Amino acid sequence: MPLGAMQDRGFRVTQILDHAAREHGSRELVTRWADGSETRTTWAEVRHDALRMTQALRRVGVQPGDRVATLAMNHVHHLISWYGVIGAGGVIHTLNPRLFDEQLDYIVNHAEDLVLLYDASLQPVVERMKSRWPTVKHYICFDNGEFADWIGAEDGEATWTEGDERDPCMLCYTSGTTGNPKGVLYEHRSTTIHALASLQPDCFHIEVSAVILPVVPMFHAACWSLPWGAGAAGAKLVFSMVNDPAVLCDLFAKEGVTHTAGVPTVWLSVFEHLDATGGDFGRLKKVMCGGTAMPRFMIERFMRAGVDVMHLWGMTETSPIGTAGYRPWNWDQLSFDEQVDIKSRQGRAPFGVELRCVDLDDPAKILPRDGTTSGALQIRGPWIVKRYFKAEMDAAPDPENWFNTGDVAVIHPDGTLQLTDRTKDVIKSGGEWISSVELENAAMAFPGVAEAACIGIYHPKWDERPVLVVVKKPGADVSGEDLIAHLAQQVAKWWLPDAVEFVDELPHTGTGKVSKKDLRDQFSDYKLVTGVPSEQ
Ligand code: ADP
């Protein structure tokens with residue numbers, strides 16, 4: 001007797017939109033456009049528009065596997081284009097408009113984008129770059145009526161391009177903090193499983209009643225999967241083209257936003273706005289925050305306001321969820337400070353991915369989850385990159401699938417992750433590792449310090465010694481001695497920077513992170529003046 005079997009139906013991202021339209025067709029999607037106007041649509045209408053877009057793309061010759069790029073902020077036309085491109089079997093490629101021209105040049109040519117959709121506000125970028133993008137045959141503006149007319153010429157009487165669940169559907173490039181940008185090609189399967197994982201209560205907790213305002217740009221790591229998760233749950237989506245805190249807070253209140261997501265700097269500006277206006281977070285229940293470490297005071301403020309903080313770690317390569325900052329089972333038995341301690345770490349692995357740390361010098365040595373031993377962080381799972389876009393097939397792929405994240409971390413006995421550095425940024429002094437991140441965090445907690453970055457500088461005896469580069473807050477009076485005295489209370493003596501240098505600004509990447517690569521270049525001729533070897 002034959003054994004039983006389950007159906008062969010594979011995952012396709014279009015199934016998310018089909019489900020949203022069928023089961024939650026009247027649920028709203030709101031866009032606040034750059035000019036302050038607002039439009040509303042529904043999941044059923046979004047599906048119809050995406051089908052029309054699929055037809056329009058086929059008309060201009062887009063074939064399965066072709067790349068269609070967007071250069072745009074968050075709005076519903078952008079969302080329609082994601083589903084429309086994927087529906088035609090294409091690969092939606094989100095470009096980050098904050099990247100430098102050289103990077104945009106490299107990325108579009110590397111991706112061989114065929115069509116490019118853009119916001120009117122980014123027309124100058126398009127005009128500047130057009131001659132350098134020979135593969136792009138069609139340019140369509142999202143918000144001057146062109147996009148609406150383009151898809152409006154179609155009737156939506158079409159079906160999605162079907163295919164294998166391992167087909168590609170989306171392409172995102174890393175911002176190149178550590179070299180040339182690299183493309184990560186998401187598949188229908190990886191995207192759908194990742195979206196399903198994001199719905200869990202112990203992850204983004206997206207349910208049909210959720211009202212989600214993703215502040216994270218749609219061009220950053222698939223908008224952290226929120227457009228997919230929202231569709232899968234039938235949640236309401238609220239888009240804002242601008243990240244002005246007054247607009248965000250207005251939308252929080254007016255639309256009853258329950259879930260939001262973004263990097264820490266966004267919340268800083270929201271706090272300042274609320275302080276100035278006396279407003280509150282409205283019905284906000286959950287804030288997802290990652291990209292860089294979330295400062296403790298920020299976590300405390302949200303928690304005091306009854307907002308659950310989901311501090312997570314991830315990368316473009318991890319779709320991007322690597323961890324989720326969910327509450328442990330004994331949460332209610334912990335003091336407020338203990339709760340904040342846990343939330344200050346970078347979360348734990350949700351079901352689907354596995355994490356481990358290995359020795360920085362000997363990757364064959366797997367490190368204990370003891371909360372103190374730091375090492376190179378590795379991850380594996382169905383939504384983790386195997387090979388970068390157009391990368392050569394690896395002659396000897398890792399049989400166990402572990403991906404080297406380039407981050408340095410500690411894993412605690414309860415499974416929580418604590419990032420301590422990036423592999424390229426750790427400072428090796430006398431054979432021992434110094435965490436640049438810990439020194440930076442300690443420095444940034446000092447009054448008068450606006451921003452701080454720590455790099456290793458060559459030292460004849462110790463190999464490398466830390467130098468702290470600091471930007472003062474306007475009008476602040478901070479001396480190098482004050483800062484060292486402050487750091488001395490927090491870190492081991494041999495970790496103390498050999499010098500503190502004050503600068504007007506630090507170099508940043510297109511995603512707003514300090515570019516240690518550029519900073520190291522700026523300091524390439526720097527010599528430690530004291531020459532006094534530090535005590536180890
Ligand atoms: P890149 O900055 O390399 O372009 P991503 O935008 O994908 O790539 O950022 C991924 C990196 O951001 C991670 O490898 C990690 O170093 C950092 N990161 C992400 N989340 C956090 C977090 N919660 N705390 C500290 N660092 C984080």
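Trainee: Why is Glu440 called buried?
Mentor: Buried means under 20% relative accessible area, while exposed means over 50% and partly exposed is in between, worked out with a 1.4 Å probe on the protein chains only. Glu440 has a relative accessible area of 9%, so Glu440 counts as buried.

Trainee: Good, and what should I know about the model itself?
Mentor: This is a predicted model, in which local features need pLDDT of at least 70 and side-chain atom pairs count only at pLDDT 80 or more, whereas totals for chains, interfaces and linings use all residues. Residues are numbered from 1 along each chain as its sequence is written, and side-chain values use heavy atoms, with hydrogens and water left out.

Trainee: Which residues does Glu440 touch, not counting those up to four places away in sequence?
Mentor: Contact means heavy atoms within 4.5 Å, and on that basis Glu440 touches Ala452, Ala453, Cys454 and Lys516. Glu440 also has its C-alpha atom 9.1 Å from that of Val469, which is 29 residues apart along the chain.

Trainee: What makes the place of Glu440 a helix?
Mentor: Helices are DSSP runs of H or I with at least four residues, strands are runs of E with at least two, and both are numbered from the N terminus. Glu440 sits in helix H13, residues 436-444.

Trainee: How do you know that S1 and S2 pair?
Mentor: Two strands pair if DSSP finds at least two bridges between them. Strand S1 and strand S2 (residues 38-42) are joined by 5 bridges and run antiparallel, so they meet that rule. Val30 has Arg40 in S2 as its bridge partner. Between these strands the hairpin has 5 residues, and Gly36 there takes a positive phi near 95°.

Trainee: How many residues line the second largest pocket?
Mentor: It is lined by 31 residues, with Ile384, Val385, Lys386, Arg387 and Asn401 nearest its centre. A pocket, on a 1 Å grid over the protein atoms alone, is an open set of points with protein on both sides within 12 Å along at least five of seven lines, and lining residues have an atom within 4 Å of a point; a cavity is instead a set of points where a 1.4 Å probe fits but cannot get out. S8, H7, strand S15 (375-380) and strand S16 (403-411) each give two or more residues to this lining, and S8 gives the most, with 4.

Trainee: What is the make-up of that lining by class?
Mentor: There are 15 nonpolar, 6 polar and 10 charged residues. Ala, Val, Leu, Ile, Met, Phe, Trp, Tyr, Cys and Pro count as nonpolar, Asp, Glu, Lys and Arg as charged, and the others, Gly among them, as polar.

Trainee: Why do Ala221 and Cys223 count as buried?
Mentor: Ala221 has a relative accessible area of 4% and Cys223 is at 0%, so both fall under the cut-off for buried. Cys223 lies in the loop between S9 and H8, and Ala221 is in the loop between strand S9 (211-214) and helix H8 (226-233). Phi is positive in each, near 45° for Ala221 and near 55° for Cys223.
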